[in-house]
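Please examine the sequence and the model shown below. The paragraphs that follow lead through its strands and the way in which they pair.

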Amino acid sequence: MAPTHRVLGRSPRGKLVECGGIWKKQNKETGAAYYTLTIRDHGFNANLGKAANQDDLSLQAVIPWGPKDAA
């Protein structure tokens, strides 16, 4: 089950690095499509959800959760 989308980031030296994937899934009860996001970093916790103050359901936002770094 390969991801439907790859997530890429840039290293400090500018090289593109694959750092995660997005999978399209379907709710078993309603049949509605949704996406799950995985980032390869054990220190990063986030969900993919509706972008704030947007009516367009195609717009998504990465919503971080979990402990924040003490600055």
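**Strand pairing in the sheet**

Histidine 5 has isoleucine 22, in strand 2, as its bridge partner. Strands here are DSSP runs of E with at least two residues, numbered from the N terminus, and two strands count as paired if DSSP finds at least two bridges between them. The model is a predicted one, in which local features need pLDDT of at least 70, side-chain atom pairs count only at pLDDT 80 or more, and totals for chains, interfaces and linings use all residues. Residues are numbered from 1 along each chain as its sequence is written, and side-chain values use heavy atoms, with hydrogens and water left out.

Strand 1 and strand 2, the latter covering residues 16-26, pair in the antiparallel sense over 6 bridges. Leucine 8 stands opposite glutamate 18 of strand 2. The hairpin of these two strands has 5 residues between them, and glycine 14 adopts a positive phi near 90° there.

Strand 2 also pairs with strand 3, again in the antiparallel sense, over 7 bridges. Here lysine 25 stands opposite tyrosine 34 of strand 3. Strand 2 and strand 3 form a hairpin with 6 residues between them, and in its turn glycine 31 has a positive phi of about 80°.

How many strands does the open sheet have, and in what order? The sheet has 3 strands in the order 1-2-3, with antiparallel pairing. Strand 1 (5-10) and strand 3 (33-39) are the edge strands, each pairing on one side only. From one strand to the next, the twist averages 25°; axes are lines fitted to C-alpha atoms, for helices over the stretch in contact, and angles run from 0 to 180 degrees between N-to-C directions.

Conventions: Helices (H or I, at least four residues) and strands (E, at least two) are DSSP runs, numbered from the N terminus.
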